[in-house]
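Take a look at the model below.

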Amino acid sequence: MSLSSAISIAQQAFSNTAQQTATVSKNIANAGNADYSRRLALLGSTANGAQVVSIYRAQNEALLKQSIAGMGEASGQARLREGLELMKSALGGNSYETAPSKLLADFRNSLQTFAATPGNKTIAAAAVSDAGDLADSLNKASRSVQDMRENADKEMALEVDKLNGLLAEFEKANNAVKAATAQGSDPNDALDQRDKILKQVSEIIGISTTTRANNDTVIFTTDGTVLFETLPRAVTFAPQNTYDAATVGNKIYVDGVPIAAGSGADTTAKGKLAALVQLRDDVGPKFQSQLDEIARGLVTMFQEGGQTGLFTWVPGGIPPVGIVKGLASTITVDARAKADPLMLRDGGFDGTSNNPTGSAGYTTLLDGFINKMSENMAFDPASGLDSSSNILNFATSSVGWLEQFRKTASTADDNKSALLTRTAEALSKQTGVSIDEELSLLLDLEQSYKASAKLVSTVDAMMAALMEAVR
């Protein structure tokens, strides 16, 4: 080997070591970046000896796609659980202290106490007050449901705007990847950016991807609608300003195709948007219908002579059989009962007293009300509960429905989060940076640098000896 060849080999070794060291340094600097994939400088044989021929980016497409899918499922499940937890809190938390079922039971107990001492006006006033608390609980629960729907609608608008922004960013990243790939330059930073955006998109809407020539990526929603192909597709949504039980929310469209709502407590929703649609258009209206049926039962049960009695509502009158949307939000106790609590015992809301002599021992109406609360009545099966039940059991079943739905959603959320964590860990092992491995590689590069330096030193000594010999 000539001395010039030795010097050339040493120079190439220094160049290789420099590029490898720079790559390792970049890895170490991004060790805490979950969106960074490890780089490795690959050596190959060339006419000038070993040389860094490419910078390899660690990747595992199968795990990446599984992770993206898992993010969508976990995000949708978590948002559903959050909405259900808010509904639970509105009903008094873990014990459901302010739920209509609890206050309905309290009112029935007050009626029984009043029936035992029908001449006691103080006890009558307490019973009427409990009736008012029951009506208030239905009003508040109904308002909480509609607030939840309204907030979901507003959040949908924000998420749609965010999604459109991410798709615009994805277009830039995808174009950078295609250009770098076509030109034979390094596309790795652009690939990291593109994968990062895909993960953010998947949290909003469930997606799948396919890769074409020059690393060009196409994004589809989970139902097969194109979300991005060369250019982002329009995602549109028109939010509602206010919500009541009769309000029907607008759909979210991807390139003109509506996004389907998730279904079930272990929801099929992938991404926040499908879960928000489920809360707004399925869970909220279902629970509202149960509240409305409880309110209808009370108005019907306490009627007198074909007119409303203790409980009334807007616009008034005896409600028809079946769900009357929003009835629970307007039910109230007749003001005449608040002014004269003994009307609960004697009647007279229809203009005719059932106890014209004012007998202090009269209990016929009270006994009838108490018995009716234990008798089965017809409920609309669209409420999702038993169509034939007494009002107490129906109200209890309503809370049970919500709690069971919440528990199932909570368990599913834990499971999906755990699965996502395991997938992320598996992906990180394949593509993430290990500080121990990088430091070990640095030690190897240090030895390589020392060997190259030793070669240069030896050549220098040999050149010096030759020069001395020439003299």
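## The second largest pocket

Helix 5 gives the largest share of the lining of the second largest pocket, five residues. Helices (H or I, at least four residues) and strands (E, at least two) are DSSP runs, numbered from the N terminus. About 270 Å³ of space lies in this second largest pocket. A pocket is an open set of points on a 1 Å grid over the protein atoms alone, where a 1.4 Å probe fits, with protein on both sides within 12 Å along at least five of seven lines; lining residues have an atom within 4 Å of a point. Grid points are joined across faces, edges and corners, and a volume is the space filled by probe spheres set on the points.

The second largest pocket is lined by 19 residues, and the closest to its centre are Gln 59, Glu 61, Leu 191, Arg 194 and Asn 215. Helix 2, helix 4 (121-183), helix 5 and strand 3 each give two or more residues to this lining. It divides into five nonpolar, nine polar and five charged residues. Here Ala, Val, Leu, Ile, Met, Phe, Trp, Tyr, Cys and Pro count as nonpolar, Asp, Glu, Lys and Arg as charged, and the others, Gly among them, as polar.

## About the model

This is a predicted model: local features need pLDDT of at least 70, side-chain atom pairs count only at pLDDT 80 or more, and totals for chains, interfaces and linings use all residues. Residues are numbered from 1 along each chain as its sequence is written, and side-chain values use heavy atoms, with hydrogens and water left out.

## The largest pocket

The largest pocket holds about 390 Å³ of space. Its lining has 24 residues; Ala 34, Lys 199, Leu 427, Ser 428 and Thr 431 are the closest to its centre. Helix 2, helix 5 and helix 11 (391-431) are the elements that give two or more residues to the lining. Eight residues of this lining are nonpolar, 10 are polar and six are charged.

## Helix 2

Helix 2 covers residues 61-90, 30 residues in total. From first C-alpha to last it reaches 44 Å, close to the 44 Å expected at 1.5 Å a residue. The expected span is 1.5 Å times one less than the number of residues. Just after helix 2, Gly 92 takes a positive phi of about 105°.

Four strands form an open sheet in the order 3-4-5-6, with antiparallel pairing. Strand 3 (207-211) and strand 6 (231-232) stand at the edges with a single partner strand each, so one side of each has no neighbour in the sheet. Strands pair if DSSP finds at least two bridges between them. Two bridges join strand 4 (residues 217-221) to strand 5 (residues 226-229).
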